[in-house]
Amino acid sequence: MRIDILTIFPEFFSVLDVSLVGKARQSGLIDLRVHNLRDHTHDRHNTVDDTPYGGGAGMVMKPEPWGEALDEILGEVSGAGAEGEAGADAGPVLIFPSPAGEVFTQKMARALAVEPNLVFGCGRYEGIDQRVFDHYAASGRVRLVSLGDYVLNGGEVAVMAMIEAIGRLIPGVVGNPESLVEESHEDGLLEYPSYTKPSSWRGHDVPPVLLSGNHGAVAAWRREQQLERTRRVRPDLLPPANSEPDAKSRG
């Protein structure tokens, strides 16, 4: 997978050289390239923003640098003749973090993990001129994506989170692929609690069922823990019939 990131703070992404994503880059599983938006400005101050039409507080990112930079990136990707399992005929997916976008989910991460090319655009200030989205949506796939109901200073943190979530789903990135199946949100529920040695620590004991060697009982306990934790912390993830604590007792 090729991932391009367009930002005014390219140094932000040095952290992606470590951990699993860093290893995936070294092994060639992920081709990650960071581009500086200011390289596509043509004034002495490398200006990327201006005052908003209609008035209001803050500044808006200008369309010209974005257009020039995206045209260059998309031209490189197209010229490379990239091929992939999904979305290859439609070109790269352009993803812009935005509090006005659709919420990023594990389901979305799985769908994006099979794309051959992703391009992330990190907005700042009051956002990017809407015409940038409209222009590229007319001929390709553009997605505005939000991490949740809050506002960040810019898109860089959100992009790093999405790359972590997407990258680890690419085959070969995580050493034991079975570990991906039992994580939170993979089956619509939160993950069960995990324990390791020692069996007793500061007066807290590991649940006896996990020491029993009874795999069926362990599986049943873990499933019940998933349901209980999800009911307590994220009841919105459960179907109505399972959202009440006594749903199981009613059969």
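**Tyr125 and beyond**

Modeller: Tyr125 is partly exposed, because its relative accessible area is 37%. The model is predicted. Tyr125 sits in the loop between strand 6 (117–121) and helix 4 (130–137). Its backbone deserves a check: phi of Tyr125 is near 60 degrees, a positive value in a residue other than glycine. Most residues other than glycine have a negative phi, and most peptide bonds are trans.

Ser19 also has a positive phi, about 65 degrees, and is not a glycine. Ser19 belongs to helix 1 (residues 19–27). One peptide bond can be listed here too. From Lys197 to Pro198 the bond is cis, with omega near 5 degrees. Pro198 is in the loop between helix 6 (178–181) and strand 8 (200–201).

Next, the charged contacts. Side chains of opposite charge can pair when their charged atoms come close. Arg131 is exposed, because its relative accessible area is 51%. Asp129 is buried, at 14%.

Asp17 and Arg25 also meet in a salt bridge, at 2.7 Å from N to O. Asp17 counts as partly exposed, at 43% relative accessibility. Arg25 is partly exposed as well, with a relative accessible area of 25%.

Arg232 and Glu228 pair at 3.3 Å, N to O. Both lie in helix 7 (residues 215–233), four residues apart, about one turn of the helix. Arg232 is exposed, since its relative accessibility is 55%. Glu228 is partly exposed, at 32%. There is a network too: salt bridges link Arg2, Asp4 and Glu76.

Some charges form a patch instead. Asp39, Glu68, Asp71 and Glu72 make up a negative surface patch. Asp39 lies in the loop between strand 2 (31–36) and strand 3 (49–50). At 57% relative accessibility, Asp39 counts as exposed.

Now the rings. The structure holds three aromatic pairs. In one, the ring centres of Phe12 and Phe13 are 6.3 Å apart and the planes meet at 50 degrees, so this pair is tilted. Phe12 is partly exposed, with a relative accessible area of 32%. Phe13 is buried, at 2%.

Trp66 and Phe96 form an edge-to-face pair, 6.0 Å centre to centre, with 65 degrees between the planes. Trp66 lies in helix 2 (residues 63–80) and Phe96 in strand 5 (residues 93–103), so the pair ties together parts that are 30 residues apart in sequence. Both Trp66 and Phe96 are buried. Trp66, Phe96 and Phe133 form one aromatic cluster.

Strand 5 also holds Pro99. Pro99 is exposed, because its relative accessible area is 60%. The C-alpha atoms of Pro99 and Leu152 are separated by 8.4 Å, although these residues are 53 apart along the chain.

Key: Residues numbered from 1 in each chain as written. Predicted model: local features only at pLDDT ≥ 70, side-chain atom pairs only at ≥ 80, totals over all residues. Heavy atoms only, no water. Patch = residues over 30% accessible without salt bridge, like charges linked within 9 Å, V, L, I, M, F, W, Y side chains within 5 Å. Areas by Shrake-Rupley, 256 points an atom, 1.4 Å probe, with all protein chains shown as cover. Salt bridge = Lys/Arg side-chain N within 4 Å of Asp/Glu carboxyl O. Lys, Arg positive; Asp, Glu negative; His and termini not counted. Charge placed at Lys NZ, Arg CZ, Asp CG, Glu CD. Helix = DSSP H or I, 4+ residues; strand = E, 2+ residues; numbered from the N terminus. Buried < 20%, exposed > 50% of the residue type's maximum accessible area, 1.4 Å probe, protein only. Phe/Tyr/Trp six-rings, centres within 6.5 Å; stacked < 30°, edge-to-face > 60°.
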